[in-house]
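Good morning, everyone, and thank you for making the time. I would like to walk you slowly through one structure, so please have the sequence and the 3D view open as I speak.

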Amino acid sequence: MCGISAYYGKENGVPIILQGLQRLEYRGYDSAGLALLKNNEIEIIKTKGKITELKALAEGRSANIVMGHTRWATHGEPNYINAHPHSSADNSIAIVHNGIIENHAELRKELQEKYNYKFTSQTDSEVIAQLIQFFYKGDFEEAFRKMLTKIEGAFGIVALHKDHKQMLCARKGSPLVLGIKEGEYFIASDPTPFLEYTKEVIYLNEKQMAVIDDTGYKVKDFNGFNLTTELETVPYGIEAIQKGGFEHYMLKEIFEQPETILNCFRGKIRHIDSISIKKENIKRIIFVCCGTSFYAALVGKYIIEKTVNLPVSVEYASEFRYRQPMLFPTDLVIAVSQSGETADTLEAIRLSKSLGCNVAGIVNVTGSSIAKECGQGIYLHAGPEIGVASTKAFSSQIIAFILLSMYFSQNPYFRKEVIEDLEELPAKVKAFLQIQNIQSIAEKYKHAKFFMYMGRDINYPVAREGALKLKEISYIPAEGYAAGEMKHGPIALIDENTPSVFIVTKDSVYEKVISNMEEVKCRKGKIICICDEITEEIERLTNDIILVPKVRWELTPIINVLPLQLLAYYIAKANGREIDQPRNLAKAVTVE
Ligand code: F6R
């Protein structure tokens, strides 16, 4: 994970980079640091803390060439020594790195044993700076390229040398984007750090590097050959990455859902056949994904199998890629990913491609590694999701599955009905978000030690997503279960102190869910119920009711996830948690 932000230009880059790093904190916030190049010296400022502490340490500093890093620790605990930037032993070179250098231990050993190099940190990254020093004979770029031939693994790297007015960067496996403005250049993990300065960008491709100096920028391959590149324009503005009056990004993103849902289907529902996914001879769809995207994909399985009659399997990317999956050229393997950078999902797609499958992506971040690797698919257009807990991406992913089912379905009636209901959905979501009683329910249960979440059919994955949201931002243990499975084990967890959140939509499994609620009730469990109709049974069985608007079956997960997102948010808030940056988590999981 980790966030990188760097500036080369004529202004003081320190405040630019500090502000940029703050926007990248969603990628990791274990420690942070800066390197300033000025008068043939590199000054490094680091802290074990977050960017606010780094800001205080860097007060009054100025330089036109600056790079910064916010860390999500992989090798070596989060402390001052392991914070980036890392320097070569002679302090002539500084680097920041996102990714993992897989052969760092052997490289370190060789440098230490054969050449007596001294290492100070436990990180895999330090070896990058040391190797550049090892190869340096007066040509910084040449030494940098030689270093690239030695390291294995995933990396986005930016490097400075005290005697060269140059900024070098390289990418393999971890994203880097260049921001281009007249006489000013930016390098970052995504465009958010420099959006107010430029929206003109170049996304570095795999195994590309860039050299920036006073003459401009050059993009090259790792052998040093110049490449031609195209400037792209970031499709959103600065307002998309500000809190807009909300206390947290997560709350803002929950409330953005009326628009993000609309953005996902607008422009596509009336031109459904223009979706760019090859569908000829497809006999099976496999979704590969992680976390919230996995639960969204489980919803996708219910929708597509029922409406299109095509078998669908949903796989954790981290399991799929290591278990020799049986794949055929008639399989369509779809990566589902908000960030488009999740390492396991990316590798699952590469594996599927190498075995001859048709691959596609359902991705939010345009220009991301997964989007590029797939080359076809559906973009969510949900805008940047900054809160670490995914919210608006989940609802948009479900819209994408509905679009996919319309695309594969040749049934004009189905298509027509779905279009009508989709068009009414944003207003229903908005209406629900304006009037709800969830904050008081959260207050009531904020001290519970454990929560159950249950649903059936298409709302079973939604129950799992609700439990995940609660766990990740409030740290309260929670299980999301298929309600019918409860009596096969988890019912043992129910007692008078256990709140169970039931999703009970008036659909084909309504009576079954009611029976499951009876089973909880007679064990004195507390029931919070999310329903689209308050029936006599619901009133009798439940302690708290959250009424959601009625929508067609395929859309119920979108409506039902809203109260679960808000419940998690308000419980975490009532417990004083760091909602946008929960402990141990980072937004884009670019390590395996
Ligand atoms: C949960 C969450 C994570 C991500 C998972 C996959 O709130 O954010 O579980 O869903 O890391 O990330 P993407 O969708 O970016 O591949």
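I will start with the ligand, go on to some helices, and end with a few backbone angles.

Before anything else, please keep in mind that this is a predicted model, and that the values I quote are computed from it.

Let us begin at the ligand, which has 15 residues around it, and of these S293, S337, S339, T342 and E472 come nearest. If you zoom in on S293, you will find a polar atom of its side chain 2.6 Å from an oxygen atom of the ligand. For T342, the distance between an N or O atom of the side chain and a ligand oxygen is 2.4 Å, and for E472 a polar side-chain atom likewise sits 2.4 Å from an oxygen atom of the ligand. How much of the ligand's accessible area does the protein cover? On its own the ligand has 410 Å² of accessible area, and the protein covers 90% of that.

Two helices, α8, residues 291-308, and α15, residues 460-474, each supply at least two of its residues, while at the level of domains, domain 2 (243-433) and domain 3 (436-581) each give at least three. Sorted by class, the shell consists of five nonpolar, eight polar and two charged residues.

Helix α18, residues 556-574, has 19 residues and reaches 28 Å from its first C-alpha to its last, close to the 27 Å expected. Here too the helix is mostly covered, since 17 of its 19 residues are buried, and just after α18 comes G576, with a positive phi of about 70°.

Next, consider two residues and their distances to partners elsewhere in the chain. N364 lies in the loop between β18 (358-363) and α11 (369-374), and because its relative accessibility is 7%, under the 20% cut-off, it counts as buried. N364 and L380 are 16 residues apart in sequence, yet their C-alpha atoms are 4.7 Å apart in space. F414, in helix α13, is buried as well, with a relative accessible area of 10%, and its C-alpha atom is separated by 24 Å from that of E259, 155 residues away along the chain.

Finally, the backbone angles. Most residues other than glycine have a negative phi, and most peptide bonds are trans. With that in mind, look at H84 and P85, which are joined by a cis peptide bond with omega of about 0°, P85 being in the loop between β4 and β5. K207, which is not a glycine, has a positive phi of about 55°; this residue lies in the loop between β11 and β12 and is partly exposed, at 47% relative accessible area. N309, in the loop between α8 and β16, also has a positive phi, near 65°, and at 69% relative accessibility N309 counts as exposed.

Technical notes:
Residues are numbered from 1 along each chain as its sequence is written. This is a predicted model: local features need pLDDT of at least 70, side-chain atom pairs count only at pLDDT 80 or more; totals for chains, interfaces and linings use all residues. Side-chain values use heavy atoms; hydrogens and water are left out. A residue is near a molecule or strand if one of its heavy atoms lies within 4 Å of it. A polar contact is a pair of N or O atoms within 3.5 Å; within protein, one must be able to donate a hydrogen and the other to accept it, and residues adjacent in sequence count only if both atoms are side-chain atoms. Accessible areas come from the Shrake-Rupley method with a 1.4 Å probe; for residues, only the protein chains shown count as cover. Helices (H or I, at least four residues) and strands (E, at least two) are DSSP runs, numbered from the N terminus. Ala, Val, Leu, Ile, Met, Phe, Trp, Tyr, Cys and Pro count as nonpolar, Asp, Glu, Lys and Arg as charged, and the others, Gly among them, as polar. Domain bounds come from an automatic or database domain assignment. Buried means under 20% relative accessible area, exposed over 50%, partly exposed in between (1.4 Å probe, protein chains only). The expected span of a helix is 1.5 Å times one less than its number of residues.
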